[in-house]
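This report describes how parts of one protein chain pack together. Please keep the sequence and the structure in view while reading.

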Amino acid sequence: MTSVPRGAEPVGRARDGGDPQDSLRDRWERVQSAIGDAARESGRSPESITTVVVTKFHPASLVRELADLGARDLGESRHQEARAKVAEVADPRLTWHFVGQIQSKKARQIAAYARVIHSLDRESILDALASAERTTECFLQLNLTDDPSRGGVAPDGLNALAERALATPGIRVLGIMAVAPLGDDPRRAFATVRAASERLQATAPDATFISAGMSGDFREAILEGATHLRIGTAITGNRPPAG
Ligand SMILES: *Cc1c(COP(=O)(O)O)cnc(C)c1O
């Protein structure tokens, strides 16, 4: 990921938006069937895997189409855009996930619409969430690169963050989240995530979930135990320019 400028959105290693002639339904069904194949290959049931469709930069109308197709878990990575979109869609069937980097001073506002935060990576966010009105389910984001600007706690800080999170009221620790570094073998990156998940479970036995896998690498993530996929372009098509 080091070639991506700070603040740029991570993308899958293949910009796999598919054939632009495909419909949203085609892409949704193709991804569901690929998830099912990978789940069976790893001896798990497809129902044990949650697909979070990342809709950043896309309008509320696309979220409504996705909901009509059966999507229930939606993800966003920019707070202002997310807050406006969640309010516009206003669909109580949907669970919103926040997957982007978090400014501590916005954490409470994010928790007001996102039931799940995938990018908890430092104590100042915990402090902000402790005062939120409802319990926030969180993944601890692990940074697999040497670049702190990518977000995520460094591997040697994971246990300390986990202990603080477990001691914070209003936080439920679901497990670990990570983005595979561009240019690395994703299977190997996700094997590292799986090992970190096992270490985490020694202190947090309920933190069994793994958020890993994007458009270009969700198969490898599933084979290494991912329970939550964050998939954008493979389902939505290419993102429109940031607005
Ligand atoms: C945008 C984004 C995704 C989805 O990326 P795609 O390559 O479009 O599937 C997943 N995770 C995070 C953190 C993102 O910002």
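## The nonpolar cores

The largest nonpolar core has 64 residues, and those with the most contacts inside it are Ile35, Leu66, Leu129, Leu140, Leu229, Ile231 and Ile235. A nonpolar core is a set of buried Ala, Val, Leu, Ile, Met, Phe, Trp, Tyr and Cys residues joined through side-chain atoms within 4.5 Å. Buried means under 20% relative accessible area, exposed means over 50%, and partly exposed lies in between (1.4 Å probe, protein chains only). Helix 1 (residues 24–41) gives the most to this core, with six residues. Another core, of six residues, lies apart from it and includes Val116, Phe139, Met177 and Met214.

The model is predicted: local features need pLDDT of at least 70 and side-chain atom pairs count only at pLDDT 80 or more, while totals for chains, interfaces and linings use all residues. Residues are numbered from 1 along each chain as its sequence is written, and side-chain values use heavy atoms, with hydrogens and water left out. Helices (H or I, at least four residues) and strands (E, at least two) are DSSP runs, numbered from the N terminus.

Contact means heavy atoms within 4.5 Å.

Gln141 is found in strand 5 (residues 136–141). Gln141 is buried, with a relative accessible area of 6%. Not counting residues up to four places away in sequence, Gln141 touches residues including His118, Asp121, Arg150, Met177 and Val179. The C-alpha atoms of Gln141 and Ala162 are separated by 11 Å, although these residues are 21 places apart along the chain.

Which residues of helix 2 are buried? They are Ala60, Leu62, Val63, Leu66 and Ala67. These residues cover an arc of only 155° around the axis, which puts them on the same side of helix 2; the arc is that of the directions from the helix axis to the C-beta atoms. Among the elements that cover them are helix 1, strand 1, strand 2 (73–76), helix 3, strand 3 and helix 9 (233–236).

The axes of helix 2 and helix 3 come within 9 Å and cross at roughly 55°, which makes helix 2 oblique to helix 3. Axes are lines fitted to C-alpha atoms, for helices over the stretch in contact, and angles run from 0 to 180 degrees between N-to-C directions. Angles under 35 degrees count as roughly parallel, over 145 as roughly antiparallel, 65 to 115 as roughly perpendicular and the rest as oblique. In this pair, Ala60, Val63 and Arg64 of helix 2 meet Lys85, Glu88 and Val89 of helix 3. The axes of helix 1 and helix 2 come within 11 Å and also cross at roughly 55°; these two helices are therefore oblique to each other. Their contact is made by Leu24, Arg25 and Trp28 of helix 1 and Leu62, Glu65, Leu66 and Leu69 of helix 2.

## Positive phi angles

Most residues other than glycine have a negative phi. Phe57, although not a glycine, has a positive phi of about 75°. Phe57 is placed in the loop between strand 1 (50–54) and helix 2 (60–69), and counts as buried at 18% relative accessibility.

Ala90 is likewise not a glycine and has a positive phi of about 45°. Ala90 lies in the loop between helix 3 (79–89) and strand 3 (95–98), and counts as exposed at 56% relative accessibility. Just after helix 2, Gly70 takes a positive phi of about 115°.
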